[in-house]
Amino acid sequence: MRYSAILIPTLKESPVEARVVSHQLMLRAGLIRQLSSGIYTWLPLGLRVLRRVEQIVRSEMDRAGAQEVLMPAVQPAELWQESGRWGHYGKELLRLTDRHERAFCFGPTHEEVITDLVRREIRSWRQLPVNFYQIQTKFRDEIRPRFGVMRGREFLMKDAYSFDMDEAGLEQSYQQMFQAYQRIFSRCGLRFRAVEADTGAIGGASSHEFHVLASSGEDTIASCTNCPYAANVEKATAALPAAPSENDEPMQPLTEVETPGQTSIDAVSQFLAVPAQRLIKSLVVVDEAGGSHLLLLRGNDELNEVKMRLLLGNGAILPGAEQVVQQTGLPVGSLGPLHTTLPVTADLALHGGRNMVCGANRKDYHWTGVNWDRDLVVAQFADLRTVVTGDSCPRCASGTLVLDRGIEVGHVFKLGLKYSQALDATVLDANGEAHHPIMGCYGIGVSRIVAAAIEQHHDDKGIIWPVSLAPFAVILVQINAKEEEATVIAQQLYQTLQQQGVEVLWDDRDERAGVKFKDADLLGIPLQVVIGGRSLKEGMVELRQRRIGEVLSIAPDQVAATVTRLLDQLGREESAL
């Protein structure tokens, strides 16, 4: 492709609305342009990258035995009402009506549609297992679309759905997809980690997220320094601290002490000269039915709201200070579990704690010497806290947890019977008895991979594409478009490389050399062949690797072989990341 014949509207400066690197560089390199909030047009160069991702995803899904289909983007409300999600999904669901006032939605996901297809077309256990996938546009009406295509409203997604007769079959399908995802992200040249995750609005028994490691990631993931354990911080747990024995620390008497004006954990800790982890943090939470609960954590721990909602329901909230006062009649900062009328749940890390401190349920007073069983009995213990760096691994004896930022690019779920039961999809077993097939769900953010790859592969000059995703493998930078000898050599190299199956962008523009060099770096094409200048006078051209900046001076007739060798080498190195 000649540069002069393709739309690549590069920008010198980053637009003010772009806050993360991928958004900035996708705009500057002319990959995308915004049409509306969270909705983007993919320009020719960006679309080439998007198609590269699609090809990798499609080939690995086919290799894993999945069958490609294409389901409607617009879905009838009746299906969502059958599953119970029409009223539950929330405002992210884009709802619309046709001319006959029939309700539809623009699909954010396709569990209902695929289950409807299976209940109509799959009759017998002999047709299982089966896995259907599609690559298609989705729409979720994000309240705050941001970060370009990383969190847009319209996006391209691969979603797949497996159907099996039993748990053992589901486990096999799940592992096939898990391994396919590992191959997909490796082929994309990404450094990634698979982590245990919350199932969220889609539901299901268990799930794993695949995260590209990047400092700009919206998610925090915890992983062990010693074993494979890794989980989204929403799901991550830690090994419980050892409970003190009676010989280590005798119980102190329960004592009410005055703490004038001390309402925060830090203030009380300093005032009483007690470590924050000895304080009991008391939080009022309102469940989805409107009932109030008291949750207890160590003073230095933070409540994990995902775990809170798993305990008390998706509608559970942390009310504001004024609402807490209205509901309890007690001042914030002096709340405590002793003599409370609220049902109490304590975090597991508090179990066995000795000589703790908690609010006395009256202003400016706290209890010291609080001990479990003697002074305080709670309804239940549960995992409520958010893990932190340095926590002990829950899976092995010697590892500790470290926290990293990640960009979620894939998610696999064991859905179970949630949708096959709701939509009454059944298949007959060998004895002629009807059973609901057990389902798995497997999603990949195809358009998000493009942004995630840029977040992980860039420098201060621009994008550095992995070979597998690059819009072109080679860019021919002809320094002087009017120089006849340079044009002849560029034309020969352009044709030779194309004949060998190498995709080439020939910068034939009548622009200054400096502009061409900056654009070549910005676009991030892996190999740059520079034709002209001093090298040309010596009968040579320059071949530069974008990632490492290494420059080779070679004869034009050596370019094709050298390019082929370097592309193969780069591809192997990137897949091994």
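A contact here means heavy atoms within 4.5 Å. By that criterion, residues 24 or more positions apart account for 69% of the protein's contacts with a separation of 6 or more. The model is predicted: local features need pLDDT of at least 70, side-chain atom pairs count only at pLDDT 80 or more, and totals for chains, interfaces and linings use all residues. Residues are numbered from 1 along each chain as its sequence is written, and side-chain values use heavy atoms, with hydrogens and water left out.

The protein contains 14 helices and 30 strands, taken as DSSP runs (H or I of at least four residues for helices, E of at least two for strands) and numbered from the N terminus. Its C-alpha trace spans about 95 × 65 × 50 Å along the principal axes. Of the 577 residues, 51% are buried; buried means under 20% relative accessible area, exposed over 50%, and partly exposed in between, with a 1.4 Å probe and protein chains only.

Two strands count as paired if DSSP finds at least two bridges between them. E11 runs antiparallel to strand E20 (residues 401-416), joined by 6 bridges, with Thr220 opposite Arg405. E11 also pairs in the antiparallel sense with strand E12 (residues 230-232) over 3 bridges, where Ile221 has Asn232 as its bridge partner. With 5 residues between them, E11 and E12 form a hairpin.

Lys414 forms one with Glu171, with the closest N and O atoms 2.3 Å apart. This pair links distant parts of the chain, Lys414 in E20 and Glu171 in helix H5 (residues 167-187), 243 residues apart. Lys414 is buried at 16% relative accessibility, whereas Glu171 is partly exposed at 31%. Asp404 and Arg193 meet in another salt bridge (3.4 Å, N to O), which connects E20 with strand E9 (residues 192-196) across 211 residues.

Technical notes
A salt bridge is a side-chain nitrogen of Lys or Arg within 4 Å of a carboxyl oxygen of Asp or Glu.
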